[in-house]
Amino acid sequence: MSTIPPEATSALLNLLSNLGSADNNVRSAAETSLNDEWIAQRFELLMVGLSEQTVVATDQTLRSFAAVLFRRIASKQPENSEALSSRMIDQLSPESRETVKALLLRALSNEQVNDVRHKICDTISELTVGTNDRWPELLEFLFNAGKSPVAGLRESVLRIFASSPNMISKPHLPAIAELLQAAFQDPDKNVRISAIVAYTALFGTLPKSSWSTMQPLLPNLLNVLPPLNTLEESEELTNALTPLIELASFAPKIFRPMFSTIVEFSISVMKNKEMDSSTRESALELMTTFADETPGMCKKEPAYTSSMVVQLLAMMTEVGEDDDKDCTSWREDDDLDSDDADSVHVAARQSLDRLAIKLGGNYLLPPLFQWLPQMISSGTWQERHAALMAISSFAEGCRDVMIGELSKVLDMVLPLLQDAHPRVQWAACNAVGQMSTDFAPDIQRDFCSRVLPALIQALETAEPRVQAHAAAALVNFCEESEKEWLEPYLDSLLSHLIVLLQSPKKYVQEQVLTTIAIVADAAETKFAKYYDTMMPILFQVLQTDMGKDHRTLKAKCVECSSLIALAVGKEKFVPLSAQLIHTYAAIQQSIVDDDDPTASYLIQAWGRICRVLGADFLPYLSGVMPPLLEAGKAKADFQFIDDAQDAEAFDQEGWDVVPVQGKRLGIRTSVLDEKCTAIELLSIYAAELGAGFEPYVIEILTDIVMPSLSFYFHDGVRFAAAQAIPHLLSSIKSSPTAGPAKLAEVWRIVVNRLLETLSSEPFVELLTCLYTSFYQSIETVGITCLTQEDMQKFVTSLNSNLGDFLVRVKQRSGQDDEFDEFEGDEKDEDVLTDEDLVSEINKAIHAVFHAQRSSFLPTFEKLIPLLSEFSSRLEVECREFALCVYDDLIEFCGSDSWRYKDIFMQPLARALADPDSTLRQASAYGVGVAAQFGGEPFASSVASVIPTLFQVISVPDARSEENVHATENASAAIAKILRFNQSQVANVDQVIDAWITTLPIVNDEEAASYAYSFVVDLIEAQHPAVSTHAAFIVESVKKALEQNAIMGATAERVKRAVNL
């Protein structure tokens, strides 16, 4: 019996038939009817009817289509909802929802066709996503169906668990473990593979405390793999390895007991050239993921590094196998980024790069250099090519070990720039280019005379692809070079590049223009000699209509001409500036296509011209700003994607597909990249033009920058917006027409938005940037710019952000269970990111104390419990943070800070004797500012720690790089005590005599300024210690002057005092 009226069933069947029609008009009319009539007006009837057709339709195509259409409609975002997580299915009434559930379970139970069964599984999974709606009947059905004699139904159970692992709660774990254990030993290979997928999905939802329940299943899971290691089962093996890669990414240590077996198996797959490349690459990715996530485990496995090196080098020789012996296809391919034919080679190259970064040179280089010398001298071009590409790949990760052997490595690489085979020449260019980046600036400073002539000679080759790659390598080398190193080679280099501008290959011309631009940027004023030769060549291209096929070439000319202008400077550029600006303007007016790359190149070129001309650029600003403002105001262009087939349409340059709250979103990233660049350039204009840019600031802040702080589609946009704020505020502040009232008005808008964002931003890197923007803005706006409400919001954000930081610190300190990775003294990226965050928070607190002084104290008190916890932690970064806050409290609140002595006196005293030099430095600085600004309440306390300060100065290696800042701050602190609290110091003359011997101070400018000012006071007072140590004082002053530790008025006063 039908669950919907017969006439509705008939209309629905007609709709489904028309939706599948080959006639565009019929299909279009059906889609309109679906949206405007069925979804908008008969939604419940539609969803119940579709689920019914998955049961009753006799045609398998119709059952399949009904399931697919149900899922697509169910997952759509309702038009009246702005929440990305909302779905149409959630609008079903409880009664209809129960009906749909029952029908879909019947459909799954009855279905005999595997493909249709899979689609019904996907539909059932959609019903379980993001809802608290319990479905006990489903779990009961699945556990029973897992024992079905029908393999397809057993597989379906696992597919649903894989798609909806969150339906499994802790009480279900024993039952699901039993089901998976049986599935890993199932006679049907598809069931076994689906069990691996389900196991991985489930593992990803479990807390670590439950991992031990599932880990015992792993041996049986791994036993699924060996029978699939055949040519006939290559695709199935790929499907089995893929979820294991995900599992290794978040739980690598669960594999530890059987790691050697996994390594052996994966290597056997990788070395089997008969297997599909995707299978070999999956095995490679699994092994590489272990290195990424648990390098310690890989280092401890004897076979891992040596086996991986041998196999990676072998896989890297798999290049050009589909080409003829003359590499005709490669030579004729103008798509320089095409690696499709050499996917195994590319995968191996990328893997070696990752291994080098994680394992380091000490582990990786010995096995590598067992093979590289003989490969470099091999008679087979693929082996020489592989060796060079290997060097390109591991150079970055092995830098510290390789840097001392750089000359020998160049001995291997540079001769191959003249190899008989063009692809080896290309690889040699690649190696030199990568080394120029990875070993900068050492390679430029020490080997310029070897590398530059070799690359210049490579430009003379007859092969265009090698010419272009040699020019690209020159970009890498010159980017990190000093102009003095380049100058002897500029004549030869530029004459060769100018010749290549006549190449028949457009990609050569484009690359050469980029290289000339970078050479100019590096050579700076040294490029002025070539300016008169280059600019007419560029003008000829810029002023000629070369057609659509040459748009990138013209865009590169724009880039090159603007970088040359920036390099040679204003005086040289001014005579041609008006002509170039008018040429740019004409090009800008001629752009008609949205995808014309010249538009984005022009936006950046205008920014460079502004930097060259400064205020003289203002007359042209009105022509430059409209496209820049338009790019800055661009909205996100995105589309929801219904299924994998639709997602393929977004697999193209300029688009990304990202998961968002259970859905997939296609985002046009090219527009967002341009938006980011536009905001960065607006920031540059504000910084360069100052008051002249003020008329644009309000529009930029309100329409672009403030909204962009929450532009979640592109992190770069949000960073750029945060970084622009201080420059825009500075532009208003410097404007004589804006006045303090306008600055105050704009600051209200900015500070409210910044404080709101600080309290809600979860992304640590961006939070760090926001704190930077906040304190720089306070420094720009000035003293007393915050209200009490602002300070309360600020402290609320601090308590939240620092509390979250402390949670992460505690989690890391507690990571000592069997499933976690330790790498000794190495800091992972999360630790470094957190260190950056607390550093910027310290600066923000410093800025608030500096601006608000004692008016901040009532609000500051809300931080005291958290600061006390930071002070008591073992982690250095926590204690250092607290000490820096205490230093600011004392420095900017003076005697008013004494009331908080009970929270900071003990931490400061303990830190002076701490083994960690950063804590000693922070504490010594605190003692110094207490002496300088604390007044009478602090006088006796600071005088009492003078002996401890001398102990800080007398530690072993006190002047080493690690200790010198603590040493110098301790010396400066004694000087401040002697200068401001001398009456409290016993045996003051002896202390002064001893203090002079703690000089020189040459690293810390602030400490040096106070110390040498006190020296002058002693000289002017004719203190006896001065004559005793006269020669020592003069020598100390000379060292401080040589190191620019003292400058300006202080330096002049000191020089006069010692007669220098």
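The helices α9 and α10 pass one another in a left-handed crossing. In this predicted model, the axes of α9 (residues 173–184) and α10 (residues 189–203) come within 8 Å and cross at roughly 145 degrees. On the α9 side the contact is made by Ile176, Leu180, Ala183 and Phe184, while α10 contributes Val191, Arg192, Ala195, Ile196, Ala198, Tyr199 and Leu202. By class, the residues of this contact between α9 and α10 divide into ten nonpolar, no polar and one charged.

The structure holds two cavities of 30 Å³ or more, and the largest cavity has a volume of about 50 Å³. Its lining consists of Leu158, Phe161, Pro165, Ile168, Ile176, Leu179, Leu180, Ala198 and Leu202. At least two of the lining residues are supplied by each of α8 (151–163), α9 and α10, and the largest share, three residues, comes from α9. The lining of the largest cavity divides into nine nonpolar, no polar and no charged residues. Ile176 and Leu180 of α9, together with Ala198 and Leu202 of α10, belong both to the contact of the two helices and to the lining of the largest cavity.

The second largest cavity holds about 30 Å³ of space, and the residues that line this cavity are Ile698, Leu701, Thr702, Met706, Val746, Ile749 and Val750. The elements that give two or more residues to this lining are α37 (694–708) and α39 (739–758), and α37 gives the most, with four residues. The lining of the second largest cavity divides into six nonpolar residues, one polar residue and no charged residue.

Two further helix pairs can be described in the same terms. The axes of α30 (residues 528–542) and α32 (residues 570–590) come within 12 Å and cross at roughly 20 degrees, and these two helices are therefore roughly parallel to each other. In this pair, α30 passes α32 in a left-handed crossing. The contact is made by Ala528, Tyr531, Asp532, Met535, Phe539 and Leu542 of α30, and by Lys572, Phe573, Leu576, Gln579, Leu580, Thr583, Tyr584 and Ile587 of α32. The residues of the contact of α30 with α32 divide into ten nonpolar, two polar and two charged.

In the other pair, α17 (residues 302–316) and α20 (residues 361–376) pack at an angle of about 35 degrees, with their axes 9 Å apart, and the crossing of α17 and α20 is right-handed. Here Thr305, Ser306, Val309, Val310 and Leu313 in α17 meet Tyr363, Leu364, Pro367, Leu368, Trp371, Leu372 and Met375 in α20. The residues of the contact of α17 with α20 divide into ten nonpolar, two polar and no charged.

| Helix pair | Axis separation | Crossing angle |
|---|---|---|
| α9 and α10 | within 8 Å | roughly 145 degrees |
| α17 and α20 | 9 Å | about 35 degrees |
| α30 and α32 | within 12 Å | roughly 20 degrees |

Technical notes: Residues are numbered from 1 along each chain as its sequence is written. This is a predicted model: local features need pLDDT of at least 70, side-chain atom pairs count only at pLDDT 80 or more; totals for chains, interfaces and linings use all residues. Side-chain values use heavy atoms; hydrogens and water are left out. Axes are lines fitted to C-alpha atoms, for helices over the stretch in contact, and angles run from 0 to 180 degrees between N-to-C directions. Angles under 35 degrees count as roughly parallel, over 145 as roughly antiparallel, 65 to 115 as roughly perpendicular and the rest as oblique. A crossing is left-handed if the near helix is turned anticlockwise from the far one by less than a right angle, and right-handed if clockwise. Contact means heavy atoms within 4.5 Å. Ala, Val, Leu, Ile, Met, Phe, Trp, Tyr, Cys and Pro count as nonpolar, Asp, Glu, Lys and Arg as charged, and the others, Gly among them, as polar. On a 1 Å grid over the protein atoms alone, a cavity is a set of points where a 1.4 Å probe fits but cannot get out, and a pocket is an open set with protein on both sides within 12 Å along at least five of seven lines; lining residues have an atom within 4 Å of a point. Grid points are joined across faces, edges and corners, and a volume is the space filled by probe spheres set on the points.
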